[in-house]
Amino acid sequence: MVKKDKITLICSECNSRNYTTNRTKNLNKRLELKKYCPKCGKTTIHKETK
């Protein structure tokens with residue numbers, strides 16, 4: 001059974017917490033995704049935070 005961790009994604013420009021997702025616990029890198037930020041009104045990089 002794979003253990004999953006619930007994480008929150010934060011916008012790199014305005015620091016608003018917009019998205020939550022799951023990922024496996026055994027990854028060492030922080031997740032970075034390009035997502036739409038409703039506060040900025042454009043697509044920005046969202047980084048993982050705990």
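Colleague: In the hairpin of strand 3 and strand 4, which residue takes a positive phi?

Modeller: That is glycine 41, with a phi near 85 degrees, in a hairpin that has 4 residues between the strands. Bear in mind that this is a predicted model.

Colleague: And how many bridges join strand 3 to strand 4?

Modeller: There are 6 bridges between strand 3 (residues 32-37) and strand 4, and the two run antiparallel.

Colleague: Thanks! What about strand 1, how does that strand run relative to strand 4, parallel or antiparallel?

Modeller: Antiparallel again: strand 1 (residues 4-11) is joined to strand 4 by 4 bridges. Threonine 8 stands opposite threonine 49 there.

Colleague: Let's turn to side chains. Where do they point in a regular strand?

Modeller: They alternate between the two faces of the sheet. For a case here, take histidine 46, found in strand 4 (residues 42-49).

Colleague: Is histidine 46 buried or exposed?

Modeller: Histidine 46 counts as buried because its relative accessibility is 0%, and the cut-off for buried is under 20%. Beyond four places in sequence, its contacts include Leu9, Cys11, Tyr19, Leu33 and Tyr36. A polar atom of the histidine 46 side chain also lies 3.3 Å from the backbone oxygen of threonine 44.

How values were computed
Residues are numbered from 1 along each chain as its sequence is written. This is a predicted model: local features need pLDDT of at least 70, side-chain atom pairs count only at pLDDT 80 or more; totals for chains, interfaces and linings use all residues. Side-chain values use heavy atoms; hydrogens and water are left out. Buried means under 20% relative accessible area, exposed over 50%, partly exposed in between (1.4 Å probe, protein chains only). A polar contact is a pair of N or O atoms within 3.5 Å; within protein, one must be able to donate a hydrogen and the other to accept it, and residues adjacent in sequence count only if both atoms are side-chain atoms. Contact means heavy atoms within 4.5 Å. Two strands pair if DSSP finds at least two bridges between them.
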